[in-house]
Amino acid sequence: MTDKVNLFDFDREALTAWFAEQGEKPFRARQLMKWIYHERVTDFDAMTDLSKPLREKLKATAELRFPTVIADRLASDGTRKWVFRYDCGNSIETVFIPEDDRGTLCISSQAGCALACPFCSTAHEGFNRNLTSGEIIVQVWLAKEMLNCDRHGNNRVVTNVVLMGMGEPLVNFNNVLPATRLMMDDYAFGLSKRRVTLSTSGIVPAIHALREVTDLSLAVSLHAPNDELRNQIVPVNARYGLDALLDACHQYVQHNGQHGGVTWEYVMLRGVNDSLEHARQLVELLRGIPGKINLIPFNAFPGSRFECSKRGDILAFQRYLTENGYVATIRKTRGEDIDAACGQLVGQVKDRSRRERKLSRKEVETL
Ligand code: SF4
């Protein structure tokens with residue numbers, strides 16, 4: 001590790017401030033971002049509209065820090081997964097999912113996750129640390145680079161980014177926010193707010209804070225229609241219950257004028273949360289909040305104690321929601337043959353949480 005600054009850590013505002021500290025004009029930030037994100041140039045000497053002294057200064061004080069790519073796998077359905085190593089103990093996973101009309105990149109925000117949802121393979125790895133802003137945004141940069149210069153002949157581009165990989169993004173608020181700003185900044189990746197989605201398990205104070213500073217799309221890992229069940233499968237619910245969560249989501253949607261509303265994610269676990277009574281409770285729970293429900297067939301992983309709901313039960317659940325006025329989709333399982341499907345991302349995490357597989361009530365309360 002060097003003591004140079006990692007320019008990937010800076011959104012436009014931070015980069016402008018950093019240049020000001022060096023006695024440089026604000027437009028330098030825009031110039032540099034165009035080289036990095038539009039031209040994809042990482043060699044300061046090749047940034048020809050920067051003065052020679054400035055290029056020398058950049059070489060002496062700054063760098064663009066890349067992880068090591070330790071795996072690059074292509075599934076039979078075109079899904080592609082990368083494993084990026086950031087330091088000796090930690091690697092994370094990033095997945096690209098091509099579809100007819102879009103290409104979605106699922107990125108990670110933490111090395112592991114401390115929230116211990118028992119159906120999630122990331123949780124089984126434990127938790128090491130938050131990723132920096134640079135470590136988050138470089139996943140988008142590298143994915144685009146590798147998709148464009150593709151040894152597999154796949155030239156799709158990234159049209160959507162979802163923070164649904166490893167980690168709970170809102171526990172890493174201060175690093176996630178600048179990264180999402182870069183995703184939506186025209187001088188960087190220029191994606192619209194509808195195409196950048198942050199998925200949270202429900203860190204209520206952070207949802208309130210988020211609505212004041214951004215209007216990206218919000219998804220919530222709901223997975224249960226009542227507190228008793230949600231406490232078991234999304235343990236952070238013991239700290240922030242459904243009433244508070246739904247209120248925060250409602251306010252987020254109202255404040256940001258998001259007509260599409262919230263995407264509610266609901267993993268289908270056989271015999272746990274998949275009955276028609278659960279569907280009925282879900283309809284009652286979400287009444288009045290705009291949004292759509294995404295039913296996710298559970299993807300098994302070694303050591304998991306859950307099974308996926310039967311196909312017929314998923315379809316009946318969807319039918320009930322649809323008949324009661326909700327848009328409810330069933331997520332197609334993608335990338336299963338390379339362990340890139342939803343809930344299967346593990347990377348390699350040097351667990352520092354020193355916990356059993358379940359988060360204690362005390363730990364949940366300190367989040
Ligand atoms: S589902 Fe999300 S919040 Fe829960 S343990 Fe997995 S990564 Fe963390």
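**Where domain 1 meets domain 2**

Me: How many residue pairs are in polar contact across the interface of domain 1 and domain 2?
Reply: The model is predicted, and pairs count here when both residues are at pLDDT 80 or more. Across the interface of domain 1 and domain 2, the number of residue pairs in polar contact is 9.

Me: Which residue meets Arg40 in a salt bridge?
Reply: Between domain 1 and domain 2 the count is 3 salt bridges. A salt bridge needs a Lys or Arg nitrogen within 4 Å of a carboxyl oxygen of Asp or Glu. For the side chain of Arg40, the N to O distance is 2.8 Å, and the partner is Glu145.

Me: What area do domain 1 and domain 2 bury between them?
Reply: The assignment places domain 1 at 5-63 and domain 2 at 68-358. In contact are 14 residues of domain 1 and 16 residues of domain 2. Carbon and sulfur atoms carry 58% of the buried area, which comes to about 1,400 Å².

Me: Which residues of domain 1 lose the most area to domain 2?
Reply: Three residues together make up 44% of what the domain 1 side buries. They are Phe8, Tyr37 and Arg40.

Technical notes: Residues are numbered from 1 along each chain as its sequence is written. This is a predicted model: local features need pLDDT of at least 70, side-chain atom pairs count only at pLDDT 80 or more; totals for chains, interfaces and linings use all residues. Side-chain values use heavy atoms; hydrogens and water are left out. Domain bounds come from an automatic or database domain assignment. Contact means heavy atoms within 4.5 Å. Buried area is the accessible area (1.4 Å probe) that two parts lose on being put together, summed over both. A polar contact is a pair of N or O atoms within 3.5 Å; within protein, one must be able to donate a hydrogen and the other to accept it, and residues adjacent in sequence count only if both atoms are side-chain atoms.
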